[in-house]
Amino acid sequence: IEDELDLALANAEEAGRNQAKAEEDQFKAQFNAESEAKRLRERLDAMIEESLIHELKLESTQEEMKEKQTLHAREKRELQVKLDSELETIRSERRTLLIRVAALEEENEILC
């Protein structure tokens with residue numbers, strides 16, 4: 001009986017050690033999982049921040065492009081107005097010159 005008691009005691013001690021080892025392994029696994037989760041969260045936060053910075057830069061670039069397009073369109077309209085005005089001036093001067101040429105031709109016929 002004494003041997004059986006010693007064996008039962010040894011089995012109980014081994015079971016206790018196994019349970020302690022299992023608890024230690026579980027603690028290590030949980031610690032590792034928490035560490036990995038923290039590392040992944042930090043990496044995700046960094047990626048989100050980088051994405052936001054990129055988005056802000058893109059929005060800024062888009063705004064600059066819109067401003068440049070607006071300025072270009074305004075300059076184009078102003079140039080078109082100026083060209084139309086110059087064209088009208090040229091046409092007016094041409095009419096005046098045609099009238100003068102006709103008058104000179106008429107005067108020339110009279111003189112001849």
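Being 3 residues apart in helix 1, arginine 39 and glutamate 36 are separated by about one helical turn. The two also form a salt bridge, with 2.7 Å between the closest N and O atoms; the term salt bridge is used here for a side-chain nitrogen of Lys or Arg within 4 Å of a carboxyl oxygen of Asp or Glu. Arginine 39 is partly exposed, at a relative accessible area of 40%, and glutamate 36 is partly exposed as well, at 35%. For these labels, buried means under 20% relative accessible area and exposed means over 50%, with partly exposed in between (1.4 Å probe, protein chains only).

The structure is a predicted model, in which local features need pLDDT of at least 70 and side-chain atom pairs count only at pLDDT 80 or more, whereas totals for chains, interfaces and linings use all residues. Residues are numbered from 1 along each chain as its sequence is written, and side-chain values use heavy atoms, with hydrogens and water left out.

The overall form comes next. The protein chain has 1 helix and 0 strands, where helices (H or I, at least four residues) and strands (E, at least two) are DSSP runs numbered from the N terminus. Helix 1 covers residues 2-111. Along the principal axes, the C-alpha atoms fill a box of roughly 160 × 15 × 10 Å. The radius of gyration of the chain is 47 Å, while a compact globule of 112 residues would have a value near 13 Å; this radius is taken over C-alpha atoms, and the globule rule is 2.2 Å times the number of residues to the power 0.38. Of the 112 residues, 0% count as buried. The accessible surface comes to about 10,900 Å², and 57% of that belongs to carbon and sulfur atoms. Accessible areas come from the Shrake-Rupley method with a 1.4 Å probe, and for residues only the protein chains shown count as cover.

Back at the side chains, the structure holds 5 salt bridges. One of them joins glutamate 24 to lysine 28, with the closest N and O atoms 3.2 Å apart. Both residues lie in helix 1, 4 residues apart, which is about one turn of the helix. Glutamate 24 counts as partly exposed at 40% relative accessibility, and lysine 28 is partly exposed at 43%. Arginine 95 and glutamate 88 also meet through their side chains in a salt bridge, at 3.4 Å from N to O. Here arginine 95 is partly exposed at 45%, and glutamate 88 is partly exposed at 40%. In general, side chains of opposite charge can pair when their charged atoms come close.

Taken over the whole chain, there are 18 positive and 30 negative side chains, and the centres of the two sets lie 11 Å apart. Lys and Arg count as positive and Asp and Glu as negative, leaving out His and the chain ends; the place of a charge is NZ of Lys, CZ of Arg, CG of Asp or CD of Glu.

Two surface patches complete the picture. Patches consist of residues with over 30% relative accessible area and no salt bridge, like charges being joined within 9 Å and nonpolar side chains (Val, Leu, Ile, Met, Phe, Trp, Tyr) within 5 Å. Glu55, Glu59, Glu63, Glu64 and Glu67 gather in a patch of negative charge. Glutamate 67 lies in helix 1 and counts as exposed at 55% relative accessibility. Leu44, Ile48 and Leu52 make a nonpolar patch of about 250 Å². Leucine 44 is also placed in helix 1, and this residue is partly exposed at 39%.
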